[in-house]
Amino acid sequence: MKGTFLLVSTIAALSAGAAAAQSSGNWTGFYGGLQFGYADIDTNISGVEGDGAIGGIILGYDYDLSDWVVGLGFDYDWASIGLAPGVKVEDVWRVKARAGYKVTSTGLLYGIGGFAEAGTDNLGSEDGWFIGAGYEQIVAPNISVGGEILYHEFSNFDRTGIDVDATTLQVRAAYRF
């Protein structure tokens, strides 16, 4: 819980400080960057759960429609989150669609969802879906920072009958081309 509070506080501080930054506020274009945060993973089997650090790369394209912004993206996160003896979640990748409203010319509040795949060290991998929300702030020409909270579901993980759900909370920074 302390980690979640620290992460949310960091996002709020970055967003507040970013309000004074100068930028054109145009969101159209490609972006790439990094993200880092926390994942909490649960299953339908008692005692098989875990939490820990998660982080990786982000890539995408946004299109500015005046007050609204739509976009597509790809994330790949590395992790080493133990769920049970000998079972670790090692990575998660996502294909994302997002749509958001510009609360200021440089601040974007958005909803997000799409396809995800999670991989483990010895139980294989499984496809699933996710949904969430985020906020992104342009803090300097071509630089944005923000945060996302995502809820994931993976049913019948690798045909084992185990249902997995995960919540991630991450901060991110991107360079906008």
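This is a predicted model: local features need pLDDT of at least 70, side-chain atom pairs count only at pLDDT 80 or more; totals for chains, interfaces and linings use all residues.
Residues are numbered from 1 along each chain as its sequence is written, and side-chain values use heavy atoms, with hydrogens and water left out. Local features need pLDDT of at least 70 and side-chain atom pairs count only at pLDDT 80 or more, whereas totals for chains, interfaces and linings use all residues.

The fold contains a closed barrel of eight strands in the order β1-β2-β3-β4-β5-β6-β7-β8, paired antiparallel. From one strand to the next, the twist averages 20°. Strands are DSSP runs (E, at least two residues) numbered from the N terminus, and two strands pair if DSSP finds at least two bridges between them. Angles run from 0 to 180 degrees between N-to-C directions, with axes as lines fitted to C-alpha atoms. Strands of a sheet pair through backbone hydrogen bonds, either parallel or antiparallel.

Strand β4 is joined on one side to β3 through 14 bridges, in antiparallel orientation. Val69 has Gly100 of β4 opposite it. The two strands β3 and β4 make a hairpin with two residues between them, and Gly86 in that turn has a positive phi of about 80°. Strand β4 also runs antiparallel to β5 (residues 107-120), again with 14 bridges. Here Val95 has Phe115 of β5 as its bridge partner, and the hairpin of β4 and β5 likewise has two residues between the strands.

The model holds 11 salt bridges, each defined as a side-chain nitrogen of Lys or Arg within 4 Å of a carboxyl oxygen of Asp or Glu. In the pair Asp64 and Lys102, the closest N and O atoms are 2.9 Å apart. This pair links distant parts of the chain, with Asp64 in β2 (residues 49-65) and Lys102 in β4, 38 residues apart. Asp64 is buried at a relative accessible area of 15%, and Lys102 is buried at 14%. Buried means under 20% relative accessible area, exposed over 50%, and partly exposed in between (1.4 Å probe, protein chains only).

Arg94 and Asp77 form a salt bridge with closest N and O atoms 2.8 Å apart. Arg94 belongs to β4 and Asp77 to β3, so the pair ties together parts 17 residues apart in sequence. Both Arg94 and Asp77 are buried. For Lys96 and Glu148, the closest N and O atoms of the salt bridge are 2.6 Å apart. As Lys96 lies in β4 and Glu148 in β7, this pair connects parts that are 52 residues apart in sequence. Lys96 and Glu148 are buried as well. Through shared partners, salt bridges join Asp75, Asp77, Arg94, Lys96, Glu148 and Arg172 into one network.

Two cavities of 30 Å³ or more are present. On a 1 Å grid over the protein atoms alone, a cavity is a set of points where a 1.4 Å probe fits but cannot get out; a pocket is an open set with protein on both sides within 12 Å along at least five of seven lines, and lining residues have an atom within 4 Å of a point. Grid points are joined across faces, edges and corners, and a volume is the space filled by probe spheres set on the points.

The largest cavity holds about 50 Å³. Its lining consists of Tyr31, Gly71, Leu72, Gly73, Lys96, Arg98, Ile112, Glu148 and Arg172. Strands β3 (68-84) and β4 (87-104) are the elements that give two or more residues to this lining, and β3 has the largest share, with three residues. By class, the lining comprises three nonpolar, two polar and four charged residues. Ala, Val, Leu, Ile, Met, Phe, Trp, Tyr, Cys and Pro count as nonpolar, Asp, Glu, Lys and Arg as charged, and the others, Gly among them, as polar.

The second largest cavity, of about 40 Å³, is lined by residues including Tyr31, Glu136, Ser144 and Arg172. At least two of its lining residues come from each of β7 (143-154) and β8 (164-176). Five lining residues are nonpolar, two polar and two charged.

Of its 24 lining residues, Ile41, Leu83, Val89, Phe157 and Val164 are the closest to the centre. The lining of this pocket has 18 nonpolar, five polar and one charged residue.

Key: Helices (H or I, at least four residues) and strands (E, at least two) are DSSP runs, numbered from the N terminus.
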